[in-house]
Amino acid sequence: MTTTACIECGGDVAIAVAPMVGEIAPCRDCGVELEVLGIAPLELALAPEIEEDWGE
Amino acid sequence: MTTTACIECGGDVAIAVAPMVGEIAPCRDCGVELEVLGIAPLELALAPEIEEDWGE
Amino acid sequence: MLVVKVGGAEGIDLDAVCDDLAAIAGNGRPVVLVHGGSHETNRLAEQLGHAPRFITSPSGYTSRRTDRRTLEIFEMVYCGLVNKGVVERLHKRGVPAIGLSGLDGPVWQGPRKTSIRSVDGGRTTVIRDDYTGRVERVNTSLLAELARSNILPVLTPPALSYCGSAINVDGDRAAAATASALSASELVILSNVAGLLERFPDPSSVVRRVSRDELDAAGKFARGRMRTKLLAAREALEGGVPRVVLGSAIGPNPISRALEGEGTVIS
Amino acid sequence: MLVVKVGGAEGIDLDAVCDDLAAIAGNGRPVVLVHGGSHETNRLAEQLGHAPRFITSPSGYTSRRTDRRTLEIFEMVYCGLVNKGVVERLHKRGVPAIGLSGLDGPVWQGPRKTSIRSVDGGRTTVIRDDYTGRVERVNTSLLAELARSNILPVLTPPALSYCGSAINVDGDRAAAATASALSASELVILSNVAGLLERFPDPSSVVRRVSRDELDAAGKFARGRMRTKLLAAREALEGGVPRVVLGSAIGPNPISRALEGEGTVIS
């Protein structure tokens, strides 16, 4: 794992060494969930809310 | 082609040397249409009427 | 009431057809759509290792050899892929639609042929396990009920045989039977051909007008599927439909262009 | 009104289900059937080189990854092969039937999830091009109209999203929504499992009765799809359906056996 700065609070966000686009990375400090939008360069954004219901 | 006896009039029915099950063989004498039901031994029967309309 | 049949040949743009259909239905005209799916059925049959086979009847009509496995592949494409694809497109364009095969209701009933004949290389054979037949009865009360609820019926083969099995039926002739049963004012049959062509495949050789009495003579120009379309046109006219147009499904507003006379007008 | 959901797992005998259904409908009881098709969909997806993939949600629910190509394969099986196969079987048994997907009418509408989360190997990812959602609205007037005409509705996913696209929805929960909307007296959910099993997969460990208050506790026994069935049962009870039975579709008269209490009765 490696870390990067949280876009909300500047705190530490643990990121997989080889992150996948779409991967969720929670911020340990403020608790928001970030989504990896781009890898090179690394680009993060607030992850969309969980919609719990599921298809067939 | 080879010939066999018509089951209706006893006349000559021309049959392919290697007939196919379901093949139609008309009788030259009485004109009925016979269907090959079996090959070894050769078995003939009156062919069903033509139903002209067609599917997609 | 307008009945439109759109074929399933390659290159037909269902989005363009549905754009046009949404505009026509949006103007308040009740419409019933019938569609085909032959190209996609051939593709899926190949992919599943059950290659499509076609039968030529003693009088030269071509049709799909429809054994049980083919019927299932046929249903997957016609009733699944194409039918629901058209229904989805119409909803997206604000037109409430309902996709029905002839089995459903049932909408289409008719006799299943107990046996058919196939001519191949000069030899004629009898085939008995073919699931094909013809539409004789149309469920007009169900279709009228849907029209009253402003829901556009999107119909597709197969039909239901009187003995209760699914049967492959010709979409053009099923559309003609539907147009007759609903006393439609017009039947438009769209395909990947510009109409009846005097010199097939030259699109500029479209025969623009054919009267009912000229239908037999016009038949000599017809190749392959066009022969069945002329038969369908005849059956629609005999069923009381005043006007039938054979037009091209290719390009924008194909239905409107046909209604304006682009293609072969038969009346 | 009775709503029956029959799953699409391997080994389920649709002839036995339709025999039983014809007897029940023949006694005058109005019935709506909902069916699945997962096994055949997996098979076709493999054959077409678009292998099925399944997603596990953060809270442990499993569902089919439904990209556009999967949705088309899904429609070919559910709306084509299985739906028309059931409709044909019912006609053969003298029961007029109509096969409808949720798109048709539309019968089922609901929100499409703009994004879903998938947990795989401890890593969670957001997926946006998934065509899944939930049934919120049921077209009761269309279904009631069909019941009045003595035509048995045979329903199948997909549903229609509010933005006009086809969405894969859970068949058990769609059946629960339908049972609630139609004020059904009973909902029977049949699958290749004898009911909620205390010691999965031991069929003798069927939990015979679960009251509404015990549903949460019973949840700890549930594995995989059974979790969604319990959720569906809860939603049906909350929707006013007095009795839900989770039973086995295997063997003769599966519906009647479930109605008589064979399986897990939740009320």
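## Notes on chain C and its neighbours

1. Let's begin where chain C meets chain B. Please keep in mind that this is a predicted model. Across the interface of these two chains, three salt bridges are found. One to look up is the pair C:Arg128 and B:Glu35, whose closest N and O atoms are 2.7 Å apart. The interface of chain C and chain B also has seven residue pairs in polar contact, both residues being at pLDDT 80 or more.

2. Which parts of chain C supply the side that touches chain B? Five elements each supply at least two residues: β4 (62–64), α3 (68–92), β7 (116–120), β8 (123–127) and α5 (171–181). Of these, β8(C) gives the most, with four residues. Sorted by class, this side of chain C has eight nonpolar, twelve polar and ten charged residues.

3. How much area is buried between chain C and chain B? The value is about 2,100 Å², and carbon and sulfur atoms give 48% of it. On the chain C side, the residues that lose the most area to chain B are C:Lys113, C:Arg117 and C:Arg123, which together make up 31% of what that side buries. In residues, the contact takes 30 from chain C and 19 from chain B.

4. Now turn to chain D. Three pairs of chains are in contact, and chains C and D share the most contacts of these. Here 36 residues of chain C are in contact with 35 residues of chain D. The two chains bury about 2,700 Å² between them, with 63% of it on carbon and sulfur atoms. C:Met76, C:Lys84 and C:Glu88 supply 21% of the area that chain C buries against chain D, more than any other three residues.

5. Between chain C and chain D the count is four salt bridges, along with twelve residue pairs in polar contact (both at pLDDT 80 or more).

6. Which elements of chain C face chain D? The largest share, 14 residues, comes from α3(C). By class, this side of chain C has 19 nonpolar, nine polar and eight charged residues.

7. Chain A and chain B have no contact, and their closest C-alpha atoms lie 34 Å apart. Chain A and chain C are likewise not joined by any contact, with their closest C-alpha atoms 17 Å apart.

8. Finally, look inside chain C at strand β10 (residues 152–156). Why is β10(C) described as largely enclosed by the rest of the structure? Because five of its five residues are buried. In a regular strand the side chains alternate between the two faces of the sheet. Both faces of β10(C) are covered: C:Leu152, C:Val154 and C:Thr156 are buried on one side, and C:Pro153 and C:Leu155 on the other.

9. Which strands pair with β10(C)? One of them is β2 (residues 31–35) of chain C, in the parallel sense over two bridges, with C:Leu33 standing opposite C:Val154. Strand β5 (residues 97–101) of chain C also pairs with β10(C) in the parallel sense, over five bridges. There, C:Ala97 has C:Leu152 as its bridge partner.

Note on methods: Residues are numbered from 1 along each chain as its sequence is written. Chains are lettered from A and ligands numbered from 1 in the order in which they are written. This is a predicted model: local features need pLDDT of at least 70, side-chain atom pairs count only at pLDDT 80 or more; totals for chains, interfaces and linings use all residues. Side-chain values use heavy atoms; hydrogens and water are left out. Contact means heavy atoms within 4.5 Å. Buried area is the accessible area (1.4 Å probe) that two parts lose on being put together, summed over both. A salt bridge is a side-chain nitrogen of Lys or Arg within 4 Å of a carboxyl oxygen of Asp or Glu. A polar contact is a pair of N or O atoms within 3.5 Å; within protein, one must be able to donate a hydrogen and the other to accept it, and residues adjacent in sequence count only if both atoms are side-chain atoms. Ala, Val, Leu, Ile, Met, Phe, Trp, Tyr, Cys and Pro count as nonpolar, Asp, Glu, Lys and Arg as charged, and the others, Gly among them, as polar. Buried means under 20% relative accessible area, exposed over 50%, partly exposed in between (1.4 Å probe, protein chains only). Two strands pair if DSSP finds at least two bridges between them.
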